[in-house]
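Biologist: I am new to this structure and would like to learn how to read it. Could you walk me through how its helices meet?

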Amino acid sequence: MNCTNCGSEIKEGAKFCTVCGAVIAEAETPVTEASVDEAPVVVAEPVYQAPNKPAKQENKIPEKYSPLSPWAYFGLQILFAVPIVGFVFLIVFSINKSNINRRNFARSYWCKLIIAAGVFIIALIIALILGVSAGGLFRMSEFGSTGAEMMM
């Protein structure tokens, strides 16, 4: 037997639906005045059933896309600063596909190194064009004289 209100299955002879609380009308037993007077009045409260929610999904991010913690970025900065070992790890992490975030960070570190090398080369070229050497700057500052007085 099924409930006419919600369609859920009901036990035979039940007067109320256990899911929605609707009154079940039985067509088999005719209702007469005598049977209504004799029957005790029973008020049943509908039983609430929470809707079925899907189970909480756990963090199912693949290892390839998992984010790095701030401490991982800090550790990678220190690792890349080590002269030879850091350079090797920088190359390996730049081409490694096991974690996209670590690979992108290593590639950004390459960009930083290229920019720093470019700034150093430009500063060196400007110094060579102006004819300034590190030794000449030290001697000028030591005696408090200008470059023109040193040349004479």
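Modeller: Gladly! Let us start with one meeting place: Phe87, Leu90, Ile91, Phe93 and Ser94 in helix 3 meet Arg102, Arg103, Ala106, Arg107, Tyr109, Trp110 and Leu113 in helix 4. Contact here means heavy atoms within 4.5 Å. Helices (H or I, at least four residues) and strands (E, at least two) are DSSP runs, numbered from the N terminus. By class, this contact of helix 3 with helix 4 has 8 nonpolar, 1 polar and 3 charged residues; Ala, Val, Leu, Ile, Met, Phe, Trp, Tyr, Cys and Pro count as nonpolar, Asp, Glu, Lys and Arg as charged, and the others, Gly among them, as polar.

Biologist: What should I keep in mind about the model itself?

Modeller: This is a predicted model, where local features need pLDDT of at least 70 and side-chain atom pairs count only at pLDDT 80 or more, while totals for chains, interfaces and linings use all residues. Residues are numbered from 1 along each chain as its sequence is written, and side-chain values use heavy atoms, with hydrogens and water left out.

Biologist: How many helices and strands does the chain have?

Modeller: The chain has 6 helices and 0 strands. Of its 152 residues, 14% count as buried, where buried means under 20% relative accessible area, exposed over 50%, and partly exposed in between (1.4 Å probe, protein chains only).

Biologist: How do I read the packing of two helices?

Modeller: Two packed helices are described by the angle between their axes and the distance between the axes. Axes are lines fitted to C-alpha atoms, for helices over the stretch in contact, and angles run from 0 to 180 degrees between N-to-C directions. For helix 3 (residues 83–95) and helix 4 (residues 100–130), the axes come within 8 Å and cross at roughly 125 degrees. Helix 3 and helix 4 are therefore oblique to each other: angles under 35 degrees count as roughly parallel, over 145 as roughly antiparallel, 65 to 115 as roughly perpendicular and the rest as oblique.

Biologist: Is the crossing of helix 3 and helix 4 left-handed or right-handed?

Modeller: Helix 3 passes helix 4 in a left-handed crossing. A crossing is left-handed if the near helix is turned anticlockwise from the far one by less than a right angle, and right-handed if clockwise. The crossing of helix 2 and helix 4, in turn, is right-handed.

Biologist: Which residues of helix 2 and helix 4 meet?

Modeller: Tyr73, Leu76, Gln77, Phe80 and Ala81 of helix 2 touch Asn101, Arg102, Phe105, Ala106, Tyr109 and Lys112 of helix 4. This contact has 7 nonpolar, 2 polar and 2 charged residues.

Biologist: And how do I read aromatic pairs?

Modeller: Rings of Phe, Tyr and Trp (its six-membered ring) pair if their centres lie within 6.5 Å; planes under 30 degrees apart count as stacked, over 60 as edge-to-face and the rest as tilted. The whole structure holds 7 aromatic pairs. Tyr73 and Phe105 form an edge-to-face pair, 5.1 Å centre to centre with 70 degrees between the planes. Tyr73 lies in helix 2 (residues 70–81) and Phe105 in helix 4, so the pair ties together parts that are 32 residues apart in sequence. Phe80 and Phe105 form a stacked pair, 6.2 Å centre to centre with 20 degrees between the planes.

Biologist: Are Phe80 and Phe105 buried or exposed?

Modeller: Both are buried. Tyr73, at 30% relative accessibility, counts as partly exposed. Ring pairs link Tyr73, Phe80, Phe89, Phe93, Phe105 and Tyr109 into a cluster.
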